[in-house]
Amino acid sequence: MRHYDVAVVGAGPAGCRAARLIAGAGFRVIVLEEHERIGEPLQCSGLISPRTLELSGYEGELRHPLHGFNLHSPAGHTLGFQTNKTYAVAVDRVALDRQLAEAARSAGAELITGARVKGLEDAGDGVIVHAGGRKVKARLVIAADGARSRIARQLGLYPREVVAMAAAEIELGRGSRAREEVVELFLGEDFAPGWFGWLFPTGKGRARIGIGVGRKGSSPRRCLDELLKRYPEYFREAKILRYTGGCVPIGPPPRIFAERVMLLGDAAAQVKPISGGGLYLGLHAAGHCARAAVRALERDDCSAASLASYQEAWEAEFGPALKSDLVLRELFLSLNDTKADYLTRFFDNDFWRRFIARYADIDYPSVLVKKILGTGLLPRKFFKLALSLGGFIGRMVDRAENRCLLPLLEGAGKN
Ligand SMILES: Cc1cc2nc3c(=O)[nH]c(=O)nc-3n(C[C@H](O)[C@H](O)[C@H](O)COP(=O)(O)OP(=O)(O)OC[C@H]3O[C@@H](n4cnc5c(N)ncnc54)[C@H](O)[C@@H]3O)c2cc1C
């Protein structure tokens, strides 16, 4: 049996980035990936912020900029804006994964594909990782094995919620209303219960589409078909080139570390609760995870107490933003079609469109909401609606120990 300092389970972006950083610090690292080909099967729409583009070091050819958003309410009202700012970039996700895997290899990590990890076994001075017929021993394990993490389950660590998604790459039909540089977001309880649908072009007449199902009982694929039917002006004559899908975990488990183990990326639900995007947070978390790993290995102390510094550093950087986003997620779940329609219509005027265009940030959506609340410009009717959900929001705020959104709601409501 071969011995390593670190075994990383899962060669996704988070695992590969952590592997590169730890191998780069001089430790023996093995990455075990269940699939034969890195990045496949694809389970992502590949929409990232310019920040994430930079952080990932992505060098792929496809980098289609998106300069605006249209939000379509359930009753068919549209709130939209387009500016010269790049809010998001569509990339080739498979290329991104392969590049990060190659970087890990170049830094000295060993990468084995076709190695599905079945479980971990405590060996006293390390952990034995069972991957099919193969066994390796490591001082430390990083579980970067995605949204359905087997290791997180083995440790009894679950996210608060899991959203199922169906997505596809399409060729747009002639005359589609989709605009080259605009992301379309579709709200509707029947085709995207507890989530939303999306469409964004990637150039050359192609686009990526998808829906999420945040409430049980609906089939994601059926919901995607419904979206296509509901908006013929966008999807008439569209040709599906390939389906993708998967699920995203929302709301991290209470702990993202255990004795000799750290959870990373989707396995730790390091995902934005409003959009389901996980690349920005996962890549950032990989840095925190790698620093904690290097420290623990240098001190030869991979105990849970020593690895707690990983969660502390992660929460210090992203805890407040994530808690605010979780409150917004609960608010979103409380909206029915009528309320979603009212809000879309309310903000559809020049002032709010410019305001939203200025502060919209796909990595930090709650910043925009706080800015809106901070203006004190919202009328009583809005606060009646918001505060009618307030008891619920209040409970969430308390649970999250987040004191920033509710006072803003209440304070502004008095104006
Ligand atoms: C439909 C859909 C669209 C999305 N669109 C976006 C988007 O546009 N932008 C964005 O930022 N995020 C998006 N996401 C989320 C994003 O894909 C994830 O957050 C991201 O991939 C997480 O990276 P990761 O490295 O943690 O996990 P993953 O990328 O899931 O990698 C985990 C790896 O572990 C491997 N693995 C799993 N189990 C085992 C095992 N037992 N043994 C060995 N290997 C194993 C898997 O094969 C995989 O390679 C989307 C998700 C879905 C489902």
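What follows is a tour of a predicted model, with something to select at each stop.

**Stop 1: a strand with several partners**

Start by selecting residues 134-143, which make up strand E11. Is this strand mostly covered or mostly open? Mostly covered: seven of its 10 residues are buried.

Residues 2-9 are strand E1, which pairs with E11 in the parallel sense over seven bridges.

Next, bring in strand E10, residues 127-131, which pairs with E11 in the antiparallel sense over five bridges. Here His 130 sits opposite Lys 135. E10 and E11 form a hairpin, and two residues lie between them. Click on Gly 132 in that turn, which has a positive phi of about 60°.

One more partner: strand E18, residues 261-263, runs parallel to E11 and is joined to it by three bridges. Val 141 has Val 261 of E18 as its bridge partner.

**Stop 2: Leu 120**

Keep Val 141 and Val 261 on screen and select Leu 120, which is in contact with both. You'll find Leu 120 in strand E9, residues 117-122. Is Leu 120 buried or exposed? Buried, because 22 other C-beta atoms lie within 10 Å, and 20 or more is the cut-off for that label.

For a sense of distance, draw a line from the C-alpha of Leu 120 to that of Asp 341: the two are 49 Å apart in space and 221 residues apart in sequence.

**Stop 3: a seven-strand sheet**

Which strands make up the next sheet, and in what order? Trace E6-E5-E13-E14-E15-E12-E16: seven strands in an open sheet with mixed pairing. E6 (78-82) and E16 are at the edges with a single partner strand each, so one side of each has no neighbour in the sheet. Turn the view and follow the twist, which averages 15° from one strand to the next.

Zoom in on E13 and E14, which run antiparallel and are joined by three bridges. Select Leu 185 and you can find its bridge partner, Trp 198, in E14.

**Stop 4: a helix with a buried face**

Now select residues 220-230, helix H5. Which of its residues are buried? Colour Pro 220, Cys 223, Leu 224, Leu 227 and Leu 228. Look down the axis of H5: these buried residues fall within an arc of 145°, so they line one face of the helix.

**Stop 5: a three-strand sheet**

Next, show E3, E7 and E4, an open sheet in the order E3-E7-E4 with antiparallel pairing. E3 (47-48) and E4 (63-66) stand at the edges with a single partner strand each, so one side of each is left without a neighbour in the sheet. E3 is joined to E7 (residues 88-91) by two bridges. Click Leu 47, then its bridge partner in E7, Ala 90.

While you're here, select Pro 65 in strand E4. Pro 65 counts as partly exposed, with 16 other C-beta atoms within 10 Å. Beyond its neighbours within four places in sequence, Pro 65 is in contact with Thr 86, Val 89 and Glu 181.

**Stop 6: two crossing helices**

Finish with helix H8 (residues 304-334) and helix H11 (residues 365-375), whose axes come within 9 Å and cross at roughly 70°. That angle is why H8 counts as roughly perpendicular to H11. Where do they touch? Select Ala 321, Ser 324, Asp 325 and Leu 328 on H8, then Pro 365, Ser 366 and Val 369 on H11. Colour this contact by class and you get four nonpolar, two polar and one charged residues.

Definitions and conventions: Residues are numbered from 1 along each chain as its sequence is written. This is a predicted model: local features need pLDDT of at least 70, side-chain atom pairs count only at pLDDT 80 or more; totals for chains, interfaces and linings use all residues. Axes are lines fitted to C-alpha atoms, for helices over the stretch in contact, and angles run from 0 to 180 degrees between N-to-C directions. Helices (H or I, at least four residues) and strands (E, at least two) are DSSP runs, numbered from the N terminus. Angles under 35 degrees count as roughly parallel, over 145 as roughly antiparallel, 65 to 115 as roughly perpendicular and the rest as oblique. Two residues are in contact if their C-beta atoms, placed from the backbone, lie within 7 Å. Ala, Val, Leu, Ile, Met, Phe, Trp, Tyr, Cys and Pro count as nonpolar, Asp, Glu, Lys and Arg as charged, and the others, Gly among them, as polar. Two strands pair if DSSP finds at least two bridges between them. A residue is buried if 20 or more other C-beta atoms lie within 10 Å of its own, exposed if 12 or fewer, and partly exposed in between; C-beta atoms are placed from the backbone. The arc is that of the directions from the helix axis to the C-beta atoms.
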